[in-house]
Amino acid sequence: MPHDPIPALDPIPLPAPYWLFKLLLIVTFTLHLLAMNFTVGGMVLALMARWGAARDHANRMFTDIATKLPVLLPATVTLGVAPLLFLQVIYGQFFYTSSVLIAWPWFLVLVLLTIAYYGLYYVSARTHREAGAGRSVLLGSFLLVAFIGFVYSTNLTLSQTPAAWSGKYFAGPAGWNLNLSERTLVPRYLHFFTAAVAVGGLLLMLMAWLKRDADAGYRRALFQYGGKAFEYASMAQFAVGFWFLASLPREFLPLFMGDNALATALLVTGMAAAAAAIVVVARALHGEDYRRTALSATGLTVAAVAAMAILRDILRDEYLKPYFHPERFVVETQWTVLPLFLGLFLGGVALWLVMVMRYPFTGGLNETRDGAK
Amino acid sequence: MNYPVWDVAFGAGLLIALVSVLHVFVSHFAVGGGLFLVVTEHRALRRGDAGVLAWLRKHTRFFVLVTVVYGAISGVGIWFTIALIHPSATSSLIHAYVWGWAIEWVFFFLEIAAALFYMYGWDKLEPRLHLWYGWIYVIAAYASMVIINGIVTFMLTPGKWIETHAFWTGFFNPTYFPSLAVRTAIALALAGIYALLTASRIRDVELKGRMVKWSVAWILPALATLPPSIWWYIRAIPPELWASARGAMPTATRYAGDAAILAAVTFVLALGALVRPARLHLGYAVALLLAALGTMGSFEFVREAVRKPFVIANYMYDNSLYATPSADDQGFSVEAIDEAGVLGTARWVRQAEGAAAGREIFRVECQSCHTIDAYRGLRRLLAARGWERTRLDAMLGSLDLMHNGVMPPFAGTEAERGALGAYLATLYPAAPAEPDGQRLFERNCSVCHEAAPYDRAITAIRSFDAETATERLANLPELFVRMPDLKLSAAERAALVQWVRARFTAAGEQRAALAVRGGN
């Protein structure tokens, strides 16, 4: 290879300062992560409930969660579009290249996602007739979604390791590559996956709080099942997180040990928030104050997820240090459009909130069907 | 050349076409279908028509399953696909229009949320509030089309953006409003066409008859506005581009014809649904839907075809090279590559010699449109031409003249052009044949010329006597500097001239001229 494989920067200048794209990327990515965690975690816990993890009300829980998934999945997708957009603006050189290297798995993401999504609607429709029905279809949808997550981890790890590109590409330009030789791939994927299960538990705790019209026994069962899942997954996350940390290239470790004050503070904050959430949930697991517990756990979880999202970004820039030079970006802010976007964005969020508030959920998070029963 | 090329054996272009045609067929339904739901619900509420409301409830579910699931995911799918096949062009679109996309995303988000509230709200909302969610959907869906239309039309007619690079200049480009008119009409027609699918399943015969008529009432007026809005759209496309669809480029011409015929078929089938509306069969509704899909697919193919050789007109070629060099393009322009060479510029090539180098050049320069054996497969195309090596090399020198300039010019050094020729020559056997005028024309001249009396080559040959014409054809670049030096033998030239003179007799010309005028 005589040439530098890092693609050249696009000659069209950035239409806003670099930091703004970075900010929008991190904020929208955090929202996407939370929605994704609800979706994937919800799937796992619904399936596990039917397989005996929940002692009581397993079918009812399965139905309850399954009917929410057709709303949670599109929330994940729509919230995923924005970070994908902003990622391309600043990391296009790396992201487009790694995508081409794994082109077929990457392309198949959309095909598999469509199938998984129809599966969720199928399950949701079945459970209306018979509580707890559609387990095997949900399992199918879950496996597809789990594979999609794996492809995402593959693409993102590959996008930050340009040294691996040429060998992979010329060995298979037809785009059937994966990135299995990457040491961090499995722990990184599991790190995301474990978080999803924990946040799925949070979803159940929130449901227990919001289902004010459901009977006390069911609410308690839902809360305890969700709370336990949250605790176990969060505790497992410490182990998985250390495995991920240990799998990182040695030279990055000092970053988290004081060399980079922000990275160190974020890691400590994230871990402390997770630990605090575990304590909060453990202490309230057998209590009745669902609202307070669910909301404190949510606040701590959002803090932990946001901290990890920023940390992840710092780590990416560390990987890309030899190749990525944001100071070389030419910036010509599109002042005639940017305020319009910001205005519409805020207006859109406000309208969405009004839509949510005007909708009579009658005692359930995105409770759209049960109230009618 | 800046990015690695994804080697799609069956054709990268075909994959994009497949993903996008199916997406636009659903996304236009998403725009029109929302209005259909809200207006129909409003009417039914005013009349207290419980039967219609019950059907609408089912139709909403169908609408969401098609648009929110398939429509939304395939829309993201287009992003994935173009980024894999045209990373450089995608990067250009992102850099020039990220705020447009971001605004579109806001509407997309509202659209999806409102659609779900509307669907689940059938059970739970009082009618006025239900309609309120419906109208939010309608406005958000149309707004997202208003934005995307700006970016899609920008790719075909960027207008003054090429000089200014200013957001709104490219956005409100020459085809913006006509294209919006065309797409609005298509969206409204599709609302009715998709509605026939669920209406055909209504059991109550009286209700079914009414709903079929109501659906057709959306289709016919919308389709009737298409001819004037298409005419407006075509007028806004620079005539030199549109010439592709008028004969100069066989595929574009064929798709333009297909679009017109299938639109007429759609119209007639919609009209036919009125004959016995209460007995409309699902199969009939599906046939109508397929005719509409064919119309829309052909329309999008024409739009893509006349844009060739560009992916963003006058800015970037389909093979990701910039049309004109700029200070920051890192050498990815035709001019710069003619100097530095493909293998000296592309980042994702293996260095090689001879035909092997030609293979690499093919990969990075031709493969975004061509394959070897599948979509736009060169083995088949070249075998049909039967060029021997010298002729092939000559043709590679004037790629950008072929079929109304449908291809970018060859970029690279002389030696690299030779290497590409050497590689392409390995794909097919070039059998020498007896000189035959018609075959010579079809194999050689027809890549740029049409066998028509108004064509310049035909008029030129006919303007001389046979002997002078035969003589003149010996040195083609002397006739026109960009003609490839085909080095036709004396026998070949004589055969060609003889064929042209015999074919285009005065009587034949008159007939052909009449046909051409009728066709225009």
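Select helices α1(B) and α4(B): they are roughly antiparallel to each other, a label given to angles over 145 degrees. The model is predicted; local features need pLDDT of at least 70, side-chain atom pairs count only at pLDDT 80 or more, and totals for chains, interfaces and linings use all residues. Residues are numbered from 1 along each chain as its sequence is written, while chains are lettered from A and ligands numbered from 1 in the order in which they are written.

In chain B, α1 covers residues 12-47 and α4 residues 127-156; their axes come within 8 Å and cross at roughly 155°. Helices here are DSSP runs (H or I, at least four residues), and axes are lines fitted to C-alpha atoms over the stretch in contact, with angles from 0 to 180 degrees between N-to-C directions.

Next, show the side chains of the contact (C-beta atoms, placed from the backbone, within 7 Å). On α1(B), pick among others Ala30(B), Leu37(B), Glu41(B) and His42(B); on α4(B), the partners include Pro127(B), Trp135(B), Tyr142(B) and Met145(B).

Now hide chain B and select chain A. What does its secondary structure come to? Chain A has 11 helices and 0 strands. The radius of gyration of chain A, taken over C-alpha atoms, is 22 Å, close to the 21 Å that the globule rule gives for 373 residues, so chain A is as compact as a globular protein of that length. That rule is 2.2 Å times the number of residues to the power 0.38. Along the principal axes, the C-alpha atoms of chain A fill a box of roughly 70 × 45 × 40 Å.

How values were computed. Helix = DSSP H or I, 4+ residues; strand = E, 2+ residues; numbered from the N terminus. Parallel < 35°, antiparallel > 145°, perpendicular 65-115°, else oblique. Contact = placed C-beta atoms within 7 Å.
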